[in-house]
Amino acid sequence: MDKVRFRIDGIEIEAPPGTMVLEAALDHGIFVPHYCFHRALSVAGNCRMCMVEVRLPGRDGKLEPARKPSIACATEVAEGMEVLTTTPLVTEARKGVLEFLLINHPLDCPVCDQAGECDLQDFSYEFGEAFSRFREDKLIKHTKDFGPEVRFYGNRCINCTRCVRFTQEIAGSCDLVQVQRGGHNVIDLAPGRVFDHPLSGNVVDICPVGALVSRDMLHRVRVWHLERTPSICPHCATGCNIEIHTQDEVVHRLKPRHNPEVNGYWMCDFGRLGYKHIHAPQRLLEHRWQPRDRAEGGRLGFQSVIELVAEAIRTAGPEGTWALASAWLTNEELWLFRRLFGTEQVALIARPPWQERRFYPVWGDSERNPSLPRQRERGRLLEDGATFMIAADRNPNRTGAERILGEQACAPARLDAFVNAALAGQVRCAVVLASMPDYLPPEPLAQALAAVPETVVVDLADGPLAGAATIVIAGAAWAEKRGTFTNGRGRTQRLEMARPTPGQARTELEVLHALGTQLGRPMGPCSPRRLFGELVGEVAAFAGLSWEGVHHQAPEWSPHMAAQPRRLPVLSPAALVRQRGGGAG
Amino acid sequence: MPLGYQRLVGAVQEAYERGLLGKGIFGIDGFDVEIDDPPRAPAPTSAAKRRGCSPRWRAAGATPSSSPLSPAVSGLFGCPTVVNNVVTIAYLPYIFGGFGRGGDAEAGIAWWRSHGTEKSPGLMPYSISGHVRAPGVYELPLGTRLGDMLELAGGWERPWKAVIPGGSSAKILRLPESLDVSMDFEGLMQAGTMLGSAGVIVMDETVCVVDALYNLLRFYAHESCGQCTPCREGTGWAEKIVARIEKGQGRMEDLDTLLGLADRAIGKTICVFAEAFCWPIQSCIALFREEFEAHIRERRCPLRAGPRAAAGERAVGAGAH
Ligand code: SF4
Ligand code: SF4
Ligand code: FES
């Protein structure tokens, strides 16, 4: 396709026809402030924040200065166009819009969860004025809980309609609407609805201000204290790219990280709230020995517990030892697991599937609108036009396990074989690396584990699995590991450690490494990165991948979507005074 | 039910009866046009603007569309769509169809040209309201002198003070100074205002311009669809300031604020609603500044105590168009 050539602030840019000026600018690192525009949604053009000066060549080929500014989000690039983002026309237009936005906006920042990552704060600071001419009473709008995850503060809303468009064009539920008109415009639930949609939490992310906030994190932290760690959501085989936000090693929220090929800008609410098990009161914090005869037992240090396990394995002999891995282990852990236990007397445990869910946009009558194909493409994620998918498989790394341990080892038949062998008394020692939250072993498996004389369980929390064990080792949650998962579509993605393991708990990598060493196997250094290198060399399905390559770096374009918050120029106090003095005050 | 609504429903009914609406109209198979009962739900005025109509049809909410394409290129269902005033469409058969002239189109055009001025030929239904003895709709040639028009509408017992010549968003003119303007597109443009919807609102000396502006701004604050920031916030803000001035609680800097917010709204919204509510502000302050200042200085509406009390009636404020 032919490219259109034009200039933004003097920088020569080429873009395909149909590109909007705003997208082209953001793609080339020129920041134009904007509220209503979102890359995955249709263009609304209502906030008027993105105004720029557009000069087009006249008949004589000379550029004419514009009489009024244009909105960058709804202006298509054109050959020879000159876009200016810092002329007096533009800066004055921005000041105007911000003044209007703030007249009815409450001074809520001290109690508002968005403060610190609020586009209204940021843009007011960077592009607005330090004073207001507004002397009247402010309008009051409703505050309500739209659903289990989302609370709405009407007074803070700037009516950008991102949330409304999200429920139409991504979630396809049309739960939110804009009611009233003029200054009384306000977002509300569509009649008779509750916003309990599985994607509801995303409106909190896309709301540029603190109007839609998370009920889960309400008033819990100030966002500037949060540390952000890139990771992968483990709750289904989609493998949404996420950020884990922690303060002092406590996980406070999960946010989606943009990846156009996996999750777009979104994640589902199950995944979003799926960090609670990390801090659950039942979390295992120490290792223990609980022999079946209850004669002795009790707490153990890590070294002692590893010695005990090694002893049990040695006593049982290769014939009598089985090992079970869960589909929540990282590829690196599975690789070490295979080096230690092979692929014969091993099986896979996993959480049972749920209903797969796909979401489609609702365009209604506008189906035949010619500008629609492009808008459709914006939100589209899957081949069939779906905007998001929650996979049926509720485990993050079944594909990785199948690739490393082999399909047979991961088939249900293999687990049945273990159960039968255990119930027939042929298994002397079983090692289970679970570390799966909310896992209930099926009845036959629980019986089989209870029938084995020495059952070692590495898990996160006390429960039926740990109850069936003779040796319990406190394992690590996914947020406490480095490594890679391979999602249901065969994409290998990296997760980073967001917090250390609590108490005595150890990662499965540490457990396997210590155990191998204790058993006298040559283990070598076992960093996740090194193990990944081995995997690439030895398992065909991983050939060609690199540790750096499996980390998707989200392109930085909006404060909420980037791995790092956008850096704002710091105004000196002198500049602030100058700014204040400059106006009528 | 309002008369206008009854007539609209009646006209739709009549069109069905004559086979102009319904299935296979004009005997063409598959040419179906249906009109539901006209909506009674109050859509904001801004939705009636050219850009507002097509999204309204798409049931996408009654708000003007920011699509860079004009409806004539891509409107209803993405097809080219003609959106015009009823007046324009109603005159078409007479001008180009030779309606009433035995189908002679040339005669129709000649007849049309025989009225009005060189640049603005033809007729225009002027809706004259306010301080005249016989308010109503007058179909007159374009270019009629304002003074003649007002005499035709019966004149008035007290001196006139101001006129809004083209619907509520047109800039206000002072009377009697402007009695000689020619009521056509060019004449009014020259006078610094516009013909607009040809709704002529006449005010006599008992009318308080601040009160009239407040009345207009109340209308605009109510009618903004509320999607664009400058219009959504600006309409309400301006209304509150002018209400305060009228109540005698104004400050001198309020006038600068009003003019400043108008500058910041004009040309920065999707439809021309920002212009519509700002032009009255700008023109009222420009032409009647002393009246605003008197309100602020005296901390009350000087007219309520003065001429209006003398006239013994509540002034007819500018009717909203
Ligand atoms: S929405 Fe933003 S500007 Fe408004 S109160 Fe919250 S933090 Fe402050
Ligand atoms: S709630 Fe947030 S996203 Fe929705 S319209 Fe208001 S500001 Fe925009
Ligand atoms: S981002 Fe362009 S008008 Fe809102």
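In chain A, M51(A) sits across from I71(A), a residue of β4(A). Strand β3 of chain A (residues 51-55) is tied to β4(A) by two bridges, and the two run antiparallel. Strands here are DSSP runs of E with at least two residues, helices are runs of H or I with at least four, and both are numbered from the N terminus; two strands pair if DSSP finds at least two bridges between them. Helix α2 of chain A (residues 88-103) packs on this sheet and touches β3 and β5 (82-84) of chain A, with its direction at about 155° to that of β3(A). Contact here means heavy atoms within 4.5 Å. Angles run from 0 to 180 degrees between N-to-C directions, and the axes are lines fitted to C-alpha atoms, for helices over the stretch in contact.

This is a predicted model, in which local features need pLDDT of at least 70 and side-chain atom pairs count only at pLDDT 80 or more, while totals for chains, interfaces and linings use all residues. Residues are numbered from 1 along each chain as its sequence is written, chains are lettered from A and ligands numbered from 1 in the order in which they are written, and side-chain values use heavy atoms, with hydrogens and water left out.

**Two sheets in chain A**

The open sheet that holds β3(A) has five strands in the order β2-β1-β5-β3-β4 (chain A), with mixed pairing. Its edges are β2 (11-15) and β4 (70-71) of chain A; each has a single partner strand, so one side of each is left without a neighbour in the sheet.

Another open sheet of chain A has seven strands, ordered β15-β14-β22-β21-β20-β16-β17, and its pairing is mixed too. Here β15 (298-300) and β17 (346-349) of chain A are the edge strands, each pairing on one side only. From one strand to the next, the twist averages 20°. Helix α8 of chain A (residues 331-341) packs on this sheet, touching β16 (321-326), β17 and β20 (429-433) of chain A, and its direction makes about 170° with that of β16(A).

**Some antiparallel pairs**

| Strand pair | Bridges | Residues opposite each other |
| β8 (residues 176-179) and β9 (residues 186-189) of chain A | four | Q178(A) and I187(A) |
| β1 (residues 123-130) and β2 (residues 136-141) of chain B | six | I128(B) and G136(B) |

β8(A) and β9(A) make a hairpin with six residues between them, and Q180(A) in its turn has a positive phi of about 65°. β1(B) and β2(B) also form a hairpin, with five residues between them.

Most residues other than glycine have a negative phi, and most peptide bonds are trans. H219(A) is not a glycine, yet has a positive phi of about 55°; look for H219(A) in the loop between β10 (212-214) and β11 (227-232) of chain A. D438(A), also not a glycine, has a positive phi of about 50° and belongs to the loop between β20 and α13 (443-451) of chain A. Over in chain B, the peptide bond from L175(B) to P176(B) is cis, with omega near 0°. P176(B) lies in the loop between β4 (173-174) and α6 (185-190) of chain B.

**A helix pair in chain B**

Helices α9 (residues 253-265) and α10 (residues 273-298) of chain B have axes that come within 10 Å and cross at roughly 170°. That makes α9(B) roughly antiparallel to α10(B), a label for angles over 145 degrees. Among the residues in contact are L255(B), L258(B) and L259(B) of α9(B), and F277(B), I281(B) and F292(B) of α10(B). By class, this contact has 13 nonpolar, one polar and four charged residues. Ala, Val, Leu, Ile, Met, Phe, Trp, Tyr, Cys and Pro count as nonpolar, Asp, Glu, Lys and Arg as charged, and the others, Gly among them, as polar.

**Ligands and the chain contact**

Around ligand 1 you'll find H105(A), D108(A), C109(A), C112(A), A115(A), C118(A), L120(A), Q121(A), V209(A) and G210(A), each with a heavy atom within 4 Å. That shell has six nonpolar, three polar and one charged residues. Ligand 2 is surrounded by 14 residues, the closest being C157(A), C160(A), T161(A), C163(A) and C207(A).

Where the chains meet, 38 residues come from chain B and 39 from chain A. About 3200 Å² is buried between them, 52% of it from carbon and sulfur atoms; buried area is the accessible area (1.4 Å probe) that two parts lose on being put together, summed over both. R232(B), W237(B) and R264(B) supply 24% of the area that chain B buries against chain A, more than any other three residues.

Methods:
Parallel < 35°, antiparallel > 145°, perpendicular 65-115°, else oblique.
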